[in-house]
Amino acid sequence: MTGSYLVQIRLPKETGQGEKIPKDWFDSLVKEMTDKFGGATSFVRSPGEGLWRGDGGTERDNIAVIEVMTERLVPEYWRALRERLETELAQKEIVIRAQEIIPL
């Protein structure tokens, strides 16, 4: 049984300054992931909704998710990507998470 990983990149649909992130930007990131990992899945058109408690009550975000599968997990690569995306999108934190895939 060979294991692999599903990596999810959870992205806001707006920058930290409230500017809408253009579809072209998401398309570019999906292409980058496809070129590097051989494929990517994007959930950009039907954004998810994130809710959390903030200082002023409940806050919400519209989010997009990009997923890739990889046989090898290289945390340094994903850490560098997260830092780059946080800078590009003016975000305090971008969540990139990985799950081991176990074929059933």
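User: Why is lysine 13 called buried?

Analyst: Bear in mind that this is a predicted model. Lysine 13 has a relative accessible area of 18%, and buried means under 20%, so lysine 13 counts as buried. You'll find lysine 13 in the loop between strand S1 (4–12) and helix H1 (23–37). Asparagine 62 sits 49 residues away in sequence but 5.6 Å away in space, C-alpha to C-alpha.

User: What makes threonine 70 buried?

Analyst: Same test: its relative accessibility is 10% and the cut-off is under 20%, so threonine 70 is buried as well. Threonine 70 belongs to strand S3, and apart from neighbours within four places in sequence, its contacts are Ser4, Tyr5, Val7 and Phe37.

User: Which residues have the most contacts inside the largest nonpolar core?

Analyst: Those are Ile9 and Leu11, in a core of 19 residues. S1, H1, strand S3 (57–70) and H2 each supply at least two of its residues, with H1 giving the largest share, 5 residues. Leaving out neighbours within four places in sequence, isoleucine 9 has contacts that include Met33, Ile66, Trp78 and Leu85.

User: Where is the predictor's confidence lowest among the elements?

Analyst: In strand S2 (residues 41–54), with a mean pLDDT of 67, while helix H2 (residues 75–88) has the highest, 97. The protein chain averages 88.

Methods:
Residues numbered from 1 in each chain as written. Predicted model: local features only at pLDDT ≥ 70, side-chain atom pairs only at ≥ 80, totals over all residues. Heavy atoms only, no water. Helix = DSSP H or I, 4+ residues; strand = E, 2+ residues; numbered from the N terminus. Buried < 20%, exposed > 50% of the residue type's maximum accessible area, 1.4 Å probe, protein only. pLDDT = per-residue confidence, 0-100. Core = buried A, V, L, I, M, F, W, Y, C linked by side-chain atoms within 4.5 Å. Contact = heavy atoms within 4.5 Å.
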